[in-house]
Amino acid sequence: MKLQNLNLKQLHLFISTPQGVTILFLFVSAFAFTLLYRSSTLSQFKGQPLSTSYLTLLKSVNEGGYSKFQQDKSELKKYISTILNDPRNEDEETHASNIALYFFPELLSDSNFEKSAALELWAPFEIAIEKSPRTPEARMLFEIMKSNIWNYENPKMKNAGLSPHAQETLKVYHELSSP
Amino acid sequence: MFTAFRKNSKGLSQRLRQIFLPSLSVLLISSGLTALIWTVLTPIQPKNYPPETKNDKHSLFSTNYPANSNFQRELVELKNKNELKPNDELEIQRSLLATTDYLDIPPSVLWCLLFQESRLNHLEGIESEKSSSGLGQFSRFSFFEINYQLERYSPNNLNLLYLTFGRDIRPIEAKRKDPLSPSSYYSIPTAVTSSAIFLNNRYYQLSRILDKRSIAYNPEILWMFAAMAYNKGSRSVLSLWNTIHRKRGTEKFNQFLNDYEYFKNTINDSSILTKSLIKIWDKTKAIPYANELRIHTRNISSCAISPLLQTTRSLTEVGP
């Protein structure tokens with residue numbers, strides 16, 4: 001207790017000196033500058049939580065049409081790319097990988113075994129649907145893509161057990177392929 | 001005479017030296033060069049796990065199935081209760097042997113998979129509104145793959161349909177009102193053929209991914225992964241591969257694809273299965289799915305794998 005009091009007292013005395021004030025000022029400035037730098041590199045992508053940007057793609061299609069969807073998808077791609085290059089933790093990496101798997105498989109690392117499956121089973125259909133949205137051909141392609149995704153995950157159908165990312169992807173492309 | 005002989009032999013050895021030595025040296029040099037080129041051009045085999053030769057194919061699998069006592073007991077009960085009729089069993093076996101022979105599937109794997117899925121009840125789900133039905137518990141998306149994407153994985157698939165039925169019987173559906181129609185999945189030859197094709201497609205999907213990356217694997221163990229993919233999708237298998245590769249390294253991953261003991265132990269580890277599936281689904285789904293997948297794989301392995309490979313005893317102990 002005595003020691004603690006002594007330390008606090010000494011610290012207080014030190015901070016009162018001109019040298020102490022200078023050191024404290026430098027420390028706080030450096031900390032603030034680091035925070036500012038870190039947030040500025042991510043600010044254009046991290047303005048909103050990851051799940052919001054991901055889940056708003058369907059809204060983009062419904063409310064803003066195809067061009068808004070393209071714009072938002074492109075923003076999301078930049079964001080996911082940043083996260084995958086420098087994930088803060090495993091959960092964030094898993095979440096970003098799942099979004100990349102269904103929307104941007106080319107961003108996945110070559111060591112990821114799921115990348116090949118994605119590039120074969122749904123990515124070509126997504127590209128084709130985006131090239132000619134809201135046409136009967138797009139709807140036909142969507143049906144193949146849907147079957148491929150269901151067979152790829154093969155959950156129990158009665159529980160609507162597809163992964164949330166697969167569900168969201170199918171909702172978006174269902175909307176985009178509606179004639 | 002002796003001198004003449006010495007002269008002759010001296011001449012002969014000179015002639016030998018003149019004729020044979022140059023040709024011998026040419027022969028030695030050319031064969032040495034050939035051996036060198038041969039060695040350089042021969043592709044390097046994987047260090048630890050050479051691929052199986054065609055001669056001992058399917059050696060991991062039992063020729064008599066079910067190999068496990070649980071399924072044997074259940075099979076006897078089903079027959080005693082007449083839930084599996086002798087004619088149906090015979091028809092299943094006949095279709096299964098023809099199909100597996102054509103697609104080069106280990107017969108025990110397909111039989112055990114069908115037993116695990118439906119207990120060989122080809123009419124499973126006919127009276128209910130279940131989403132999966134028949135011998136191989138087909139869903140509407142499994143039907144879609146057979147009906148509209150038959151040739152995506154192998155050209156053999158369509159040939160098999162022609163060979164078995166004499167024509168293209170698609171679209172195949174769970175026809176409740178006409179179960180014996182060749183286009184109905186409730187018909188035994190149709191169900192066995194379609195299920196074999198679906199399993200074969202899963203194998204192709206997985207093998208293509210490994211081949212692209214030149215990763216060596218034991219084809220027999222890959223059939224077990226294909227059976228897992230049949231039950232819980234290729235995604236579960238690929239997620240498991242990613243987890244093993246990342247957490248345990250390349251060497252252990254190669255062992256996983258090539259060493260049955262290591263495969264068996266890993267599949268029985270529910271924590272690693274859960275860790276892999278949690279990357280796909282949330283906890284509430286991943287945990288029961290992992291448990292289901294573990295049981296499914298354990299049952300099929302113990303049913304299909306030769307009992308000699310399943311025992312922990314030595315061969316002398318289990319011998320007669």
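This is a predicted model: local features need pLDDT of at least 70, side-chain atom pairs count only at pLDDT 80 or more; totals for chains, interfaces and linings use all residues.
**View 1. The lining of the largest cavity.** From chain A, the lining includes A:Ser116, A:Ala117, A:Glu120 and A:Leu121. From chain B, it includes B:Gln205, B:Arg208, B:Ile209 and B:Lys212. Two helices, α5 of chain A and α7 (188–212) of chain B, each supply at least two of the lining residues. By class, the lining has 3 nonpolar, 2 polar and 3 charged residues.

**View 2. The lining of the second largest cavity.** Both chains take part here too: A:Leu121, A:Asn148, A:Asn151 and A:Tyr152 are among the lining residues, as are B:Glu145, B:Tyr153, B:Arg202 and B:Gln205. Two or more residues come from α7 of chain A, and likewise from α7 of chain B. The largest share, 3 residues, belongs to α7(A). The classes are 3 nonpolar, 3 polar and 2 charged.

**View 3. Where chain A meets chain B.** In this interface, 36 residues of chain A are in contact with 39 residues of chain B. About 3100 Å² is buried between the chains, and carbon and sulfur atoms give 48% of that area.

**View 4. Polar links and the chain A side.** There are 7 salt bridges between chain A and chain B. In one salt bridge, the side chains of A:Glu114 and B:Arg235 meet at 2.7 Å, N to O. Across the interface, 19 residue pairs are in polar contact. On chain A, α4 (90–103), α5 (114–121) and α7 (136–153) each give two or more residues to the side that touches chain B. Of these, α7(A) gives the most, with 9 residues. By class, this side has 14 nonpolar, 12 polar and 10 charged residues.

Terms used: Residues are numbered from 1 along each chain as its sequence is written. Chains are lettered from A and ligands numbered from 1 in the order in which they are written. Side-chain values use heavy atoms; hydrogens and water are left out. Contact means heavy atoms within 4.5 Å. Buried area is the accessible area (1.4 Å probe) that two parts lose on being put together, summed over both. A salt bridge is a side-chain nitrogen of Lys or Arg within 4 Å of a carboxyl oxygen of Asp or Glu. A polar contact is a pair of N or O atoms within 3.5 Å; within protein, one must be able to donate a hydrogen and the other to accept it, and residues adjacent in sequence count only if both atoms are side-chain atoms. Helices (H or I, at least four residues) and strands (E, at least two) are DSSP runs, numbered from the N terminus. Ala, Val, Leu, Ile, Met, Phe, Trp, Tyr, Cys and Pro count as nonpolar, Asp, Glu, Lys and Arg as charged, and the others, Gly among them, as polar. On a 1 Å grid over the protein atoms alone, a cavity is a set of points where a 1.4 Å probe fits but cannot get out, and a pocket is an open set with protein on both sides within 12 Å along at least five of seven lines; lining residues have an atom within 4 Å of a point.
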